[in-house]
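Subject: Structure handover

Hello,

Here is the structure for you to look through. My notes follow below it.

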Amino acid sequence: MSSNFIENYKKSLKSMDTEETIDLVFYRPIGYMWAVLAAKIGVTPNAITIASIFLGVAAGVLFYYPQLSVNIVGMLLLIWANSFDSADGQLARLTKQYSRIGRILDGVSGDLWFAAIYIAICLRVNTFEPYFAEHSWLIWTMAVLAGLCHAKQAASADYYRQFHLYFVKGESGSELDSCAEIDQKYAELSWSSNFWSKLTMFFYRNYTANQEKLTPSMQRLRAMLHEYFGEDMPPVSFREDFRAKSKPLMKYTNWLSFNMRTIALFVTLFCGEPQWYFVFELTVLNLMLVYMVLRHERICKHFMAQLANGKYSN
């Protein structure tokens, strides 16, 4: 394997701090090969994301059927979809085709995959499980609650990851946003001339607002950093200290994103009891989210105290 190949592959990664073992061993190498092929034939990151939506939704449809052989085909399609989800970001980093629309579309793609999966599981359980056939409201209630929790888990994981990357790689290596910045760009758009862009920005603004509400100490730390250092990056000493405390939490951001939840999903499908996936999401992943939020908020409070005591003053 050439050194040029390895160097370009590393450039396609976000950061070793935020990469998970399964991704590094499996999804990132495959995603990189898709990204190289796409770059050669002129396919854009957003086109790859859209293709992943069709693959992920098709996977969800196949989870409706109780036959394990059909479910396995769905699992392979979902793995394929996630390799495309990896490829779109790697292609964007290699070709510098970054866009906020691309970031929003990337988030929406995963939501559509799992919406299809949740609906398929509910229809399957109501059709083939006598108890749930008589109490159909129960599985739909579980699915709605799990979906709401899933959205919160994924949004929080992404937010903590971007905050970590901001201190590791700076603004160019992070997609960290704020409601204030989005509101400014939203106001600049016209409904008559930029309808779809403004509508997308409206939903993205709400998405970011929910992230900020869950992280009050992080928001106070961000405000404090702006007060102390303006538009400049904090000192290297602060960035290194924050990275050291934040890095152990990055594994939770990965577990709450895709790999752990799909492993749990596949296990329940192999067992022929996919409804138990909702239980896993409502218990294990929610407990993990609460732990991550409390730990991160405590880290932010620690650094606010350090800033107030003048440790990182210029």
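A definition to start with: helices (H or I, at least four residues) and strands (E, at least two) are DSSP runs, numbered from the N terminus. This is a predicted model, where local features need pLDDT of at least 70, side-chain atom pairs count only at pLDDT 80 or more, and totals for chains, interfaces and linings use all residues. Residues are numbered from 1 along each chain as its sequence is written, and side-chain values use heavy atoms, with hydrogens and water left out.

Cavity

A cavity is a set of points, on a 1 Å grid over the protein atoms alone, where a 1.4 Å probe fits but cannot get out; lining residues have an atom within 4 Å of a point. Points are joined across faces, edges and corners, and a volume is the space filled by probe spheres set on them. The count is one cavity of 30 Å³ or more. The largest cavity has a volume of about 40 Å³. Its lining is Arg103, Tyr159, Gln162, Glu175, Leu176, Asp177, Tyr204, Thr208 and Gln211. Helix H7 (136-169) and helix H9 (195-213) each give two or more residues to that lining. H9 gives the most, with three.

Salt bridges

Side chains of opposite charge can pair when their charged atoms come close. A salt bridge here is a side-chain nitrogen of Lys or Arg within 4 Å of a carboxyl oxygen of Asp or Glu. The count is seven. In one of them, Arg243 pairs with Asp17, with the closest N and O atoms 2.5 Å apart. This pair links distant parts of the chain: Arg243 is in helix H11 (residues 236-246), Asp17 in the loop between helix H1 (3-11) and H2, 226 residues apart. Asp17 is buried at 6% relative accessibility, while Arg243 is partly exposed at 37%. Buried means under 20% relative accessible area, exposed over 50%, and partly exposed in between (1.4 Å probe, protein chains only). Asp17, Arg243 and Lys247 are linked in a salt-bridge network. Glu19 and Arg28 also form a salt bridge (2.9 Å, N to O). Glu19 is buried at 8%, and Arg28 is buried at 15%.

Surface patch

Ile22, Val25, Phe26, Ile263 and Val267 form a nonpolar surface patch, with about 440 Å² of accessible area together. Patch residues have over 30% relative accessible area and no salt bridge; nonpolar side chains (Val, Leu, Ile, Met, Phe, Trp, Tyr) are joined within 5 Å, like charges within 9 Å. Areas come from the Shrake-Rupley method with a 1.4 Å probe; for residues, only the protein chains shown count as cover. H2 gives the most to the patch, with three residues. Ile263 is in helix H13.

Best wishes

Notes: On a 1 Å grid over the protein atoms alone, a cavity is a set of points where a 1.4 Å probe fits but cannot get out, and a pocket is an open set with protein on both sides within 12 Å along at least five of seven lines; lining residues have an atom within 4 Å of a point.
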